[in-house]
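Subject: Handover of a structure and its findings

Dear colleague,

Please find the structure below, followed by an account of what was found in it. I would be grateful if you could read the text alongside the coordinates.

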Amino acid sequence: MPKAKKNPPVKIGTARSAPDKKSGGDKKSAGDRKSLPKIAGPAEASETPESSNPAEASALWNRKLAAWKAQGINRVKLALSDIDGVMRGKYVSMDKFASVAKDGGTFCDCVLGWDMDDKLYDNVSYTGWHTAFPDAPFRLDLATERTLVEEGGIPFFLGEFVNSKGIGRHALCPRSVLQRVLDKAAAMGFGAKIGFEYEFFVFDETPHSVRQKRYQDLTPFTPGNFGYSILRNSVESDLYNALLDYHASLGIGIEALHCETGPGVMEVALAPDLALRGADNAALFKTFTKVFFQKRSKMATFMAKWSLNYPGQSGHLHQSLFDLKTGDPVFHKSGGREGMSPLMESYVAGMQKFLKPFLCLCAPTINSYTRLVKGAWAPTSATWGVENRTTALRVIPGGKKSQRVEFRLGAADGNPYLVAAATIGAGLLGIEKGLALGAPVKGSAYEVQDKLPEELQLPGNLRDSLRNLRASREADLLFGKDFVEHFAASREWEVREHEKQITDWQLSRYFEII
């Protein structure tokens with residue numbers, strides 16, 4: 001649907017502006033409310049004011065504000081993603097929300113200049129003591145409305161940072177970086193559809209108890225290795241169903257939820273959706289899953305690998321493209337190699353070629369690389385295969401609507417906006433350059449890894465990975481040079497913070513003997 005032509009800080013209807021049913025998946029979208037329980041969910045399309053006429057849109061929102069007040073709702077919660085994918089936000093009064101919805105608002109720009117422990121980067125130019133931390137303008141995407149059922153039904157909205165003039169995209173905002181890539185896709189005539197999968201461990205712990213225990217000897221939610229267990233999810237059915245209903249109330253479609261291998265570990269498959277909303281849903285799923293469990297005196301973790309005794313926690317991403325004019329999927333061709341169209345082959349070839357330089361966007365922490373080891377259910381090289389879970393890219397043959405590729409290298413710790421931007425962007429480069437796709441790996445990719453050319457070998461640590469990103473000309477063009485430098489600097493900071501630490505391994509190895 002068209003955006004409002006005036007009052008640029010307001011984004012109206014962007015999440016529903018492209019076809020959904022024919023966009024490359026045969027699964028129901030999170031936007032298909034018929035598949036969700038009717039429990040005070042987010043606004044339906046008919047309830048969200050959308051108009052190309054600013055006066056009409058304003059009148060609709062005034063009626064909506066009046067309806068909220070009549071229901072006794074007097075505040076709204078807002079959130080924006082920082083570089084790490086951590087949601088930062090605030091409660092605002094209804095009057096303040098009305099102003100922000102119309103004209104935009106501001107956050108201290110330190111939100112884009114500090115790490116997940118709120119420590120300020122000392123190596124970035126965008127913000128710091130040298131800038132005195134001015135406000136950074138943001139705008140709300142009013143199509144992201146959700147309802148927080150456990151907070152009395154108050155509305156929740158996502159926003160994004162904008163440039164200093166308050167009208168254009170912010171170079172460092174992760175949500176805007178994804179939109180920059182989606183703009184490129186649109187210019188090429190394509191829309192993208194994605195669906196994240198996450199593994200996460202759950203513990204009978206609280207934020208206080210894990211710190212008191214120094215993250216050691218934690219009590220898992222359930223014992224033992226029991227993947228796909230009907231016993232476990234039946235015994236704990238109240239919690240499983242409550243989690244599903246909780247996310248349904250947030251408008252986050254979940255296709256499947258099951259026990260994974262490991263004590264207290266779950267895996268979720270989010271319903272495929274248009275790329276921006278799919279990334280929004282993934283970011284919100286991670287945040288509100290933590291909220292759900294902490295409200296019940298438990299904790300969920302999405303770090304890539306919390307223990308060397310168990311497999312890591314993945315953040316896989318299924319994706320496909322569709323024709324913006326017709327809504328038809330473009331990845332399938334009857335009679336093509338494994339059902340792939342030539343366009344899909346070039347897309348997968350682009351993902352493979354640029355996986356190495358773009359890796360740190362998908363593996364952004366020190367811990368990310370502890371998961372990327374042979375034989376631990378995580379890919380360790382830039383390979384592709386057909387229905388092959390040892391390769392980084394798993395081509396999934398299907399019909400016209402279900403043909404897709406799964407990016408399997410990502411961990412649960414990645415920022416969904418950046419993972420989507422990196423993988424979709426790489427695929428688009430493959431199409432743009434007309435790249436040819438080589439032969440697939442058959443059997444274990446671990447066995448052929450050492451024979452692969454250097455460009456398909458992946459770095460084993462964050463420092464080498466960020467260097468590859470900095471050296472990539474394509475990254476500068478695709479994501480913007482300012483973003484690449486800022487993000488790489490933030491990863492360099494992460495490496496330096498890690499190198500300052502005295503670990504338990506160092507103490508036990510050197511304290512007495514050396």
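**Overall composition**

The chain contains 15 helices and 14 strands. Please note that this is a predicted model. Of the 514 residues in the chain, 57% are buried. As for contacts between residues at least 6 apart in sequence, 72% of them join residues at least 24 apart.

**Helices α6 and α7**

Two packed helices are described by the angle between their axes and the distance between the axes. The pair discussed here consists of helix α6, spanning residues 237-249, and helix α7, spanning residues 275-294. Their axes lie 11 Å apart, and the packing angle is about 135 degrees. The two helices α6 and α7 are therefore oblique to each other. The crossing in which α6 passes α7 is right-handed.

Which residues bring α6 and α7 together? On the α6 side they are L239, A242, L243, Y246 and H247. On the α7 side, F285, F288, T289, V291, F292 and F293 take part. Sorted by class, this contact of α6 with α7 comprises nine nonpolar and two polar residues, with no charged residues.

**R277 in helix α7**

Helix α7 also holds R277. Is R277 buried or exposed? Its relative accessibility is 9%, and R277 therefore counts as buried, the cut-off being under 20%. The side chain of R277 is joined to that of D273 by a polar contact of 3.5 Å.

**Helices α8 and α12**

A further packed pair is formed by helix α8, residues 342-362, and helix α12, residues 462-470. At what angle do the axes of α8 and α12 cross? The crossing is at roughly 120 degrees, and the axes come within 7 Å. Helices α8 and α12 are therefore oblique to each other. Here α8 passes α12 in a left-handed crossing.

From α8, the residues K356, P357, F358, L359, C360 and L361 are in contact with α12. Their partners in α12 are L462, S465, L466, N468 and L469. In terms of class, the contact of α8 with α12 has eight nonpolar residues, two polar residues and one charged residue.

**In brief**

The contact of α6 with α7 has no charged residues, while that of α8 with α12 has one.

With kind regards

Methods. Residues numbered from 1 in each chain as written. Predicted model: local features only at pLDDT ≥ 70, side-chain atom pairs only at ≥ 80, totals over all residues. Heavy atoms only, no water. Axes fitted to C-alpha atoms, helices over the stretch in contact; angles between N-to-C directions. Helix = DSSP H or I, 4+ residues; strand = E, 2+ residues; numbered from the N terminus. Parallel < 35°, antiparallel > 145°, perpendicular 65-115°, else oblique. Left-handed = near helix turned anticlockwise from the far one by under 90°. Contact = heavy atoms within 4.5 Å. Nonpolar A, V, L, I, M, F, W, Y, C, P; charged D, E, K, R; others polar. Buried < 20%, exposed > 50% of the residue type's maximum accessible area, 1.4 Å probe, protein only. Polar contact = N/O pair within 3.5 Å; in protein donor to acceptor, adjacent residues only side chain to side chain.
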